[in-house]
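Please work through each one with the structure at hand.

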Amino acid sequence: MDYETVSRLVTRFEENFGGRQGLQCARAPGRVNLIGEHTDYNGGFVMPMAIDRETRVFFRTLDGGPVRLWSENYGEWDEFDLDHIERNEAQRWANYLRGVAHVLQEAGYELRPIEGIVCGDVPIGAGLSSSASVEVAAARAYCAAAGLEPDPKELALLCQRAENRFVGVNCGIMDQFVSVHARREHALMLDCRSLKHELLPLDTSAVRVVVCNTMVHHELGSSAYNARRARCEGAARLLGERVEGIRQLRDVTPAILAEHGGVLDEATLKRARHVVSEDERTIGAAEALRAGDYEAFGRLMNESHESLRRDYEVSCEELDLMVELARKEPGVLGARMVGAGFGGCTVNLVRREDAGRMADAVRAAYRAETGIEPETYQFVAVGGAGVERV
Ligand code: GLA
């Protein structure tokens with residue numbers, strides 16, 4: 001978040017809450033997933049990096065009374081009592097913050113009320129995890145206010161639970177995990193079952209990560225997401241009746257799917273084929289990154305998009321167009337849709353010297369084809385969430 005925005009927010013805090021004594025700031029980044037899409041809730045592998053867009057919560061601990069929060073993005077107040085937290089039906093944004101307080105308390109953490117301002121610059125609904133960044137920043141703020149230091153893994157899992165139970169999206173662990181654990185100039189390879197992770201250096205003198213925002217967001221998003229997840233779980237159950245040791249699609253190899261895929265209906269088989277092949281690609285991409293082989297990495301990104309488009313069917317016209325336009329540009333090693341799908345962004349791996357020009361060319365071509373003015377971002381990989389005194 002730029003310096004001007006931060007000082008504006010501090011001034012607003014002083015006006016709203018009278019002075020800045022006791023003021024602290026919790027922050028948590030959004031993410032872009034390089035590869036490993038729709039694998040996290042199947043116990044598989046993902047490789048996101050945190051981006052230099054974040055949510056900040058400027059807060060002060062109170063002795064008693066309700067939690068009072070102002071959303072700078074929505075221009076609204078929310079107020080709730082810690083001993084009786086309900087969903088806010090009128091203000092969706094508030095449920096991320098309420099939900100996190102709720103799950104922390106349910107897990108036994110004793111919280112104290114806070115007052116503060118929430119502000120994020122992660123594009124909303126673009127597949128860059130604005131939700132997880134709000135959850136993680138809120139969790140950091142509540143914990144710091146109460147002098148608590150939960151284990152980082154536990155913190156990520158609780159934020160995921162808040163989104164599953166309180167917001168109603170059955171998301172996996174990727175977004176919250178990377179927002180907590182990311183490291184500067186690294187991508188994070190995560191095994192979503194064991195939560196073992198490895199930080200892999202990204203050489204920004206060789207390649208850049210360019211993200212292109214289609215600026216569209218098709219509404220069926222969260223219901224289609226939950227439906228995909230349910231179908232994957234169904235596929236794992238059926239395959240598990242035939243092959244021992246299958247708990248999730250993570251346990252299914254391409255050979256198992258080739259032999260036993262016949263028990264699945266056609267649509268379910270396609271979904272399973274995406275997940276099984278995406279895990280293989282993500283493991284391959286980690287090897288490519290360890291070897292500094294960005295061309296191989298880019299090829300796997302391209303294959304990932306085709307699989308998401310054809311087999312998982314979560315792409316859309318605008319995403320396909322954005323990918324196609326990018327692939328025409330020199331220096332583009334790989335291009336794919338990112339996040340849940342049905343709109344939002346694509347992620348592109350581009351040779352450093354070509355990145356600026358590629359972004360300009362793709363913006364112009366997308367505008368000419370659709371009449372929509374897209375946004376592009378050159379993100380750097382940043383570190384995970386934290387709290388600081390202001
Ligand atoms: C959303 C979810 C993640 C993950 C991706 C798809 O971002 O929040 O948990 O499932 O979709 O890879």
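**Exercise 1: The ligand site**

Task: Describe the polar contacts of the ligand and its surroundings.

Solution. Step 1: an oxygen atom of the ligand lies 2.6 Å from a polar side-chain atom of Tyr-225, a polar contact being a pair of N or O atoms within 3.5 Å. The model is predicted, with local features requiring pLDDT of at least 70 and side-chain atom pairs pLDDT 80 or more, while totals for chains, interfaces and linings use all residues. Residues are numbered from 1 along each chain as its sequence is written, and side-chain values use heavy atoms, without hydrogens and water.

Step 1: Glu-37 places a polar side-chain atom 2.6 Å from a ligand oxygen atom, and Gly-172 has a polar backbone atom 2.9 Å from an oxygen atom of the ligand. Of the 300 Å² that the ligand exposes when taken alone, the protein buries 93% (Shrake-Rupley method, 1.4 Å probe).

Step 2: residues surrounding the ligand (a heavy atom within 4 Å) include Arg-31, His-38, Asp-40 and Asp-175. By class, this shell has five nonpolar, three polar and four charged residues.

**Exercise 2: The largest cavity**

Task: Which strand gives the most to the lining of the largest cavity?

Solution. Step 1: a cavity is a set of points on a 1 Å grid over the protein atoms alone where a 1.4 Å probe fits but cannot get out, and lining residues have an atom within 4 Å of a point. The largest cavity holds about 50 Å³ of space, a volume filled by probe spheres set on the points.

Step 1: the lining includes Met-49, Leu-202 and Phe-379. Strand S8 (residues 207-217; strands are DSSP runs of E, at least two residues) gives the most, with three residues.

How values were computed
Polar contact = N/O pair within 3.5 Å; in protein donor to acceptor, adjacent residues only side chain to side chain. Nonpolar A, V, L, I, M, F, W, Y, C, P; charged D, E, K, R; others polar. 1 Å grid on protein atoms, 1.4 Å probe; cavity = no way out; pocket = protein on both sides within 12 Å on 5 of 7 lines; lining within 4 Å. Helix = DSSP H or I, 4+ residues; strand = E, 2+ residues; numbered from the N terminus.
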